[in-house]
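This report concerns the interface between two protein chains. The sequence and the coordinates are shown first.

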Amino acid sequence: MQQTDIHRSRSKKSIGKVPILGGISLFAAATLSIPFIYPTETLWYKVGLDKIMLQAGQFAGLLTLILLVLQVLLALRPQFLERAFAGATLMRWHRANGVLIAASAISHVFLVLAPEGLANLPVGWRYWPEMLGAVTLCSLLITVALSRYRTPLKLNYQRWRTVHRPLGYLIVLLLTFHVLFVSESFAAGLPRIGLLAVIILLFFGAALAWIRRGRKTSPKKTTI
Amino acid sequence: MDSAWPQNVTEENNYLMEESMQYFRLLFLSFALLPLLVPEAWASARTWDVDAVHSNVYFSIDHIYSKVHGRFKQVQTQIAFDPKQLDQSRFAFTIKVDSVDTGEPKRDKHLLSPDFFDSGKFDLITFTSTSITDSGNGVYNVAGTLNVKGETHNLVLPLTFNGIKDHPAAKGKEVIGFNGQVTLDRLALNVGSGKFYKMGLIGKNVDVLVTIEALAGK
């Protein structure tokens, strides 16, 4: 009996920084290898600098996706992360990561569009996955800008937070649909299933965290 | 002074009258010349209104082993045709390049890029006939100039004249039909640099099918 209690308390302590960072690195490496293991047909028609730019653009796009998934994790602050790193550290990373996401998203757009020619932008209903990407980028930049300049803009914290959270999840959803329908690499097979699994897990985790927070903040029932 | 006044008025009236006549003459001349600005008025052959839904410009091209088919969804066609007045008959096609549709938006976008049509700079393809000759068996050779990517090329489009008959659905209208096929060397037209052809990816010969239905009042 005593032994099991000790075992439980040990397991609650911490997973450890190394396994967490190792897991994140593995996830990132697996995701970033997708354009090379499952190359898109678009690459067939690109040579030289155009090909390098398009590959770099795809790389930047997937980096945005990875950073966004991590961003949600940093915002959710699950117990295993809080135990390994301090809560304040996670929030600091969350803020810095927001800027990184914006930077990688902008570079993705530039690197992907430049080889096609800036006079040949994918505008119109038939390019809806690309247009969805544009909407995602705009939402992302607005979210980052509002978060970064909340104080100079004199935005009320509670109001900002009310908008920030749903907007963040909306961006994840928009980006998922953008990736699933814009990239042939994610048209079928492991990349598609993997991405869907990660996003479902992420939203499941977010729902669990939301329920737990609701329980913590709800007033305790008292019996008279 | 009294005697001079009516005389001055008459002179002024005459001057105004003459000026008005000159103005009306110019106005009449302008109206008389106005139809010359309308392309249909150039030819005295019978003009036809193209049924855009049943008229298309299709194309197909080799991709390694397979064939990729596509079409231009926005083609403006002007036809003045009478088999008995070939010298006054004419065809004019204006194709909106960005209306290209191969059923795959990414391929369409690539076709619009500088790798092929460069639609950002050259948004139209035009073909205007210069002469039409009867080559027998209902085939008419429509010679004209094809303008692609800002360059003009001579082209003969053989059109099979399918006939003229009462339109089965539109009362009081007659329908005319043409089908034509021509093979174009896209590299000669500067549509692509040839790098994909050298790679063995995309062929250089494009089979173009022009199919037309047009209506006119009886």
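The sections below describe the interface from the side of chain B.

## Extent of the interface

The model is predicted. In it, 16 residues of chain A are in contact with 19 residues of chain B. The two chains bury about 1400 Å² between them, and carbon and sulfur atoms give 54% of this area. On the side of chain B, the residues that lose the most area to chain A are B:P105, B:K106 and B:K109, which together account for 42% of what that side buries.

## Polar and charged interactions

Between chain B and chain A the count is 4 salt bridges. B:K109 forms a salt bridge with A:E116, with the closest N and O atoms 3.6 Å apart.

## Contributing elements of chain B

Three elements of chain B, namely β6 (100-101), α2 (105-112) and α3 (195-198), each supply at least two residues of the side that touches chain A. Of the elements of chain B, α2(B) gives the most to this side, with 6 residues. By residue class, the side of chain B that touches chain A divides into 8 nonpolar, 7 charged and 4 polar residues.

Within α2(B), the residues B:D108, B:K109, B:H110, B:L111 and B:L112 are buried. The buried residues of this helix pack against β6 and α3 of chain B.

Key:
Residues are numbered from 1 along each chain as its sequence is written. Chains are lettered from A and ligands numbered from 1 in the order in which they are written. This is a predicted model: local features need pLDDT of at least 70, side-chain atom pairs count only at pLDDT 80 or more; totals for chains, interfaces and linings use all residues. Side-chain values use heavy atoms; hydrogens and water are left out. Contact means heavy atoms within 4.5 Å. Buried area is the accessible area (1.4 Å probe) that two parts lose on being put together, summed over both. A salt bridge is a side-chain nitrogen of Lys or Arg within 4 Å of a carboxyl oxygen of Asp or Glu. Helices (H or I, at least four residues) and strands (E, at least two) are DSSP runs, numbered from the N terminus. Ala, Val, Leu, Ile, Met, Phe, Trp, Tyr, Cys and Pro count as nonpolar, Asp, Glu, Lys and Arg as charged, and the others, Gly among them, as polar. Buried means under 20% relative accessible area, exposed over 50%, partly exposed in between (1.4 Å probe, protein chains only).
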